[in-house]
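Please look over the chain shown here. The report below covers its fold, its core and its aromatic residues.

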Amino acid sequence: TALLVVCLFATPLAAGRALRFEASGPRGWIKFSGGGKVHLEGKGTLKIRNASNLRLEVRGTWGSMEPVLDGMDYYQFEGSVDSVGLGGRFEIRGWNLRLTVHGRGEARFRGEGLCRLDEGQAIPWTDHPERWTRVDFED
């Protein structure tokens with residue numbers, strides 16, 4: 001298992017009102033695409049795409065990692081990702097998942113957990129064999 005911190009740098013984030021979106025669950029699958037300030041954590045398989053558009057910091061341990069076009073896949077990952085930028089795509093499948101976004105984008109969930117936008121009501125996401133829970137948020 002490797003212990004490493006990876007940092008990539010890119011363009012600054014555009015100004016504007018940012019929304020706060022949060023999601024967490026004990027197990028499942030989270031997919032997020034969008035922009036702003038992103039914090040993602042958990043245990044399992046982590047995939048990051050469009051990394052050249054992001055200021056990105058990955059912390060934790062993983063068994064192996066595989067470079068892909070403009071991104072990276074981390075297997076047996078346990079840790080967190082902090083990102084600032086536009087157009088990022090993140091996916092984590094596993095346990096003890098948490099996503100926090102100050103910005104805008106689209107999030108999809110499968111498994112079990114809750115999500116909320118700003119101070120709104122919590123929305124549950126559950127295992128469903130044929131569909132994802134989807135939340136879009138923007139200024």
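What follows is a short account of a predicted model, from confidence to single residues.

**Basis and confidence**

This is a predicted model: local features need pLDDT of at least 70, side-chain atom pairs count only at pLDDT 80 or more, and totals for chains, interfaces and linings use all residues. Residues are numbered from 1 along each chain as its sequence is written, and side-chain values use heavy atoms, with hydrogens and water left out.

pLDDT is the predictor's confidence in each residue, from 0 to 100. Its mean over the protein chain is 85, and 86% of the residues reach 70 or more. Confidence is lowest in strand β1 (residues 2–8), at a mean of 31. Strand β3 (residues 54–62) has the highest, at 97. Over residues 1–16 pLDDT stays under 50. The model has 38 contacts beyond four places in sequence for that stretch; contact means heavy atoms within 4.5 Å.

**Fold**

The protein chain has 0 helices and 7 strands. Helices (H or I, at least four residues) and strands (E, at least two) are DSSP runs, numbered from the N terminus. Among contacts between residues at least 6 apart in sequence, 77% join residues at least 24 apart. Buried residues make up 39% of the 139 residues. Buried means under 20% relative accessible area, exposed over 50%, and partly exposed in between (1.4 Å probe, protein chains only).

**Core and strand β7**

A nonpolar core is a set of buried Ala, Val, Leu, Ile, Met, Phe, Trp, Tyr and Cys residues joined through side-chain atoms within 4.5 Å. The largest one holds 28 residues, of which F21, I48, F90, L99 and F109 touch the most other members. Strands β2, β3, β5 and β7 (133–137) each give two or more residues to this core. The largest share, 11 residues, comes from β5.

β5 and β7 pair in the antiparallel sense over 5 bridges; two strands pair if DSSP finds at least two bridges between them. F109 stands opposite T133 in β7. Beyond its neighbours within four places in sequence, F109 contacts residues including F21, W29, W125 and V135. In a regular strand the side chains alternate between the two faces of the sheet. In β7, T133, V135 and F137 form the covered face, while R134 and D136 form the uncovered one.

**Aromatic residues**

Rings of Phe, Tyr and Trp (its six-membered ring) pair if their centres lie within 6.5 Å; planes under 30 degrees apart count as stacked, over 60 as edge-to-face and the rest as tilted. The count is 9 aromatic pairs. F32 and F90 form a stacked one, 6.5 Å centre to centre with 20° between the planes. This pair links distant parts of the chain: F32 is in β2 (residues 19–49) and F90 in β5 (residues 71–117), 58 residues apart. F32 and F90 are both buried. One aromatic cluster takes in F21, F32, F90, F109, W125 and F137.

R93 lies over the face of W29, at 3.9 Å from the ring centre. A charge sits over a ring if NZ of Lys or CZ of Arg is within 6 Å of the ring centre and within 35 degrees of the ring normal.

| Residue | Relative accessible area | State |
|---|---|---|
| S83 | 3% | buried |
| Y75 | 25% | partly exposed |

Leaving out residues up to four places away, S83 touches G36, K37, V38, L54, R55, L56 and F90. The C-alpha atoms of Y75 and T61 are separated by 9.4 Å.
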